[in-house]
Amino acid sequence: MNETFLKACRGEQTDYTPVWLMRQAGRYLPEYHTVRSKYTFLEMCKTPAAAAEVTIQPVDILGVDAAILFSDILVPLEKMGAPLEFHEKRGPVFPQPVRDRAAVAKLVVPDPELELPYVLDTIRLLRRELANKVPLIGFSGAPFTLATYLIEGGSSRQFLLTKQMMYTEPELYAALLDKITACTTLYLKAQVAAGAQALQIFDSWVGVLSPYDFSKFALPYVQRIIRELKEGGVTVPIIYFANNGATLLPQSLTSGADVLGLDWRIDMAEAVKVVGPKVALQGNLDPCALLLPPAKMEERISAILAGAKGARGHIFNLGHGILPEIPPAQAKFMVEAVHRLSRRG
Ligand code: CP3
């Protein structure tokens, strides 16, 4: 198996910089649409053979150094008792938002082996199919990001209802986050037991918080998950991706994660200065830079590789998910360029 990704996560020397793309299993690939045309999105998440097939597609098509489980961060919330729908245009919708004491009290902490067997079966299937290829990354949402979907009832711009609950009913907010945190800890543990070789925690919307609110309403729950995983014997690398989180980087250093994921809004060399030798870094090409002509894209890639030189380890990635509009050939070129431009010795 190609161990480059795992070595870089652990801060070990590698022959070249490993690379994968957030949301690499997805709609920019015609091969994804072929499978997706037979199922709804949620059906696909619940059908291990289909989920495994689209997980492997980018490994074979792009030549990335890691696979990420095909699922969604919102899938476990359904089993907490919040019905989930995906609408073609609007994205995810929770038709019964969680906004009061009764709604929080009704939520349960599901046993992943019983309630989310399709996720764990997909992981077990993938470990067999990926045996001679690349490591498999499992994932979850971070508690704050997951809570925004439950409270807002779907995607949001201002996160007004979430902040309203945080500010006016902090105890209710804490009760909700405690349940999501317990669910996420069990869920990630079960993914590792099923065979996940690394974990990424996606905090997609945490960048809307001030540093003070981050320290009070988001970071402690991430710290709790990582601490409980590590105390419970989990040894696989853990990546924490705080999107739009450059200003939160000094605090994110205390998350307990082995790797911090960076969005593109911070210069890589600057990030290395802030985090020092404590953690490896992942990132951070602007997803739209995949539209650049090859020579220009290489300039951006080289700058990031040079900036990451002093890091404990570097995993190349986009600064957020790949967009459906990107031609697959451009993504493939990026992967090949990262390998070529970073090759040592
Ligand atoms: O990275 C991968 O390739 C693995 C699969 C994966 C998906 N979602 C598949 C997906 C992962 C890791 C996610 C995480 C996820 N889901 C996040 C965190 C990452 C991020 O982008 O910040 C978030 C916020 C979600 C919630 C979500 N899921 C939204 C807002 C949407 C609709 C908008 C969109 O981007 O499509 C989804 C749907 C979704 N999740 C799709 C895929 C492939 C598209 C579904 C389709 O085929 O129509």
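The model is predicted; local features need pLDDT of at least 70, side-chain atom pairs count only at pLDDT 80 or more, and totals for chains, interfaces and linings use all residues. Residues are numbered from 1 along each chain as its sequence is written, and side-chain values use heavy atoms, with hydrogens and water left out.

The ligand was examined first. There are 21 residues around the ligand. Arg27, Tyr32, Asp72, Ser204 and His320 come nearest. By class, the shell holds 12 nonpolar, five polar and four charged residues. Here Ala, Val, Leu, Ile, Met, Phe, Trp, Tyr, Cys and Pro count as nonpolar; Asp, Glu, Lys and Arg count as charged; the others, Gly among them, count as polar.

Polar contacts were listed next. A polar contact is a pair of N or O atoms within 3.5 Å; within protein, one must be able to donate a hydrogen and the other to accept it, and residues adjacent in sequence count only if both atoms are side-chain atoms. A polar side-chain atom of His320 lies 2.6 Å from an oxygen atom of the ligand. For Arg23, a polar side-chain atom lies 2.7 Å from a ligand oxygen atom. Gln24 uses its backbone: an N or O atom there lies 3.1 Å from an oxygen atom of the ligand. On its own, the ligand has 880 Å² of accessible area, and the protein covers 88% of that. Accessible areas come from the Shrake-Rupley method with a 1.4 Å probe; for residues, only the protein chains shown count as cover.

The space taken by the ligand is the largest pocket. On a 1 Å grid over the protein atoms alone, a pocket is an open set of points where a 1.4 Å probe fits, with protein on both sides within 12 Å along at least five of seven lines. A molecule sits in a pocket if more than half of its atoms lie within 2 Å of its grid points. Helices (H or I, at least four residues) and strands (E, at least two) are DSSP runs, numbered from the N terminus.

Thr14 is found in the loop between α1 (4–9) and α2. Thr14 is buried, with a relative accessible area of 11%. Buried means under 20% relative accessible area, exposed over 50%, and partly exposed in between (1.4 Å probe, protein chains only). The Thr14 side chain reaches the backbone oxygen of Tyr16 at 2.9 Å.

Helix α9 (residues 143–152) is mostly covered, with 10 of its 10 residues buried. Among them are Phe144, Tyr149 and Glu152. Just after α9, Gly153 takes a positive phi of about 85°.

Backbone geometry was also checked. Most residues other than glycine have a negative phi, and most peptide bonds are trans. Phe159 has a positive phi near 55°. Phe159 sits in the loop between α9 and α10 (160–168) and is buried at 4% relative accessible area. Asn244 has a positive phi near 60°. Its loop runs between β6 (238–242) and α14 (249–252). Asn244 is partly exposed, at 36% relative accessibility. The peptide bond from Gly283 to Asn284 is cis, with omega near -5°. Asn284 is found in strand β8 (residues 280–285).

Methods
Near = heavy atom within 4 Å. 1 Å grid on protein atoms, 1.4 Å probe; cavity = no way out; pocket = protein on both sides within 12 Å on 5 of 7 lines; lining within 4 Å.
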